[in-house]
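These are my notebook entries on one structure. I set out to look up surface and core positions in turn.

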Amino acid sequence: MDINDSLQKIIQSHIRTNFHFAEVISHVSSPSHSATIKLAGSSTTISGIRYLKSYTPNNGDIVLCVVVRGDIIILGELQ
């Protein structure tokens, strides 16, 4: 699923969403394919955050995240 598919599902489902910027603190490529992030304006890190298949995280990346029904998903890196 790419970012367009994800956003279309959110729009079609009329799900309340919030978008946030975050910094990738660390990541695990296998087996969990997850990252630890720090949301902008916060000093707390959050681990176990999943990311889209089309994005490969690197430590220090500034990313756009979406919060859907309490789940945070990294959409991709800001260029």
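Where is the place of Ile 73? I worked from a predicted model, and in it I found Ile 73 in strand 5, which covers residues 71-77.

I then looked up the accessibility of Ile 73. The relative accessible area is 29%.

Next I listed the contacts of Ile 73. Leaving out residues up to four places away in sequence, Ile 73 touches Arg 50, Leu 52, Leu 64, Cys 65 and Val 66. For Leu 52, I noted a C-alpha separation of 7.5 Å from Ile 73, with the two residues 21 apart along the chain.

I turned to the largest nonpolar core, which has 12 residues, among them Ala 22, Cys 65, Ile 72 and Ile 74. Strands 1 (17-28), 2 (34-39), 3 (45-51), 4 and 5 each give two or more residues to this core. Strand 4 gives the most, with three residues.

For the core member Ala 22, I looked up contacts beyond four places in sequence: Ile 37, Lys 38, Leu 39, Ala 40, Asp 61, Ile 62, Val 63 and Cys 65.

Ile 62, one of those contacts, belongs to strand 4, residues 62-68. Is Ile 62 buried or partly exposed? I found Ile 62 partly exposed, with a relative accessible area of 40%.

Lastly, I checked the surface. Ile 62 forms a nonpolar patch there with Phe 21 and Leu 78, and together they have about 260 Å² of accessible area.

Definitions and conventions. Residues numbered from 1 in each chain as written. Predicted model: local features only at pLDDT ≥ 70, side-chain atom pairs only at ≥ 80, totals over all residues. Heavy atoms only, no water. Patch = residues over 30% accessible without salt bridge, like charges linked within 9 Å, V, L, I, M, F, W, Y side chains within 5 Å. Areas by Shrake-Rupley, 256 points an atom, 1.4 Å probe, with all protein chains shown as cover. Salt bridge = Lys/Arg side-chain N within 4 Å of Asp/Glu carboxyl O. Helix = DSSP H or I, 4+ residues; strand = E, 2+ residues; numbered from the N terminus. Buried < 20%, exposed > 50% of the residue type's maximum accessible area, 1.4 Å probe, protein only. Contact = heavy atoms within 4.5 Å. Core = buried A, V, L, I, M, F, W, Y, C linked by side-chain atoms within 4.5 Å.
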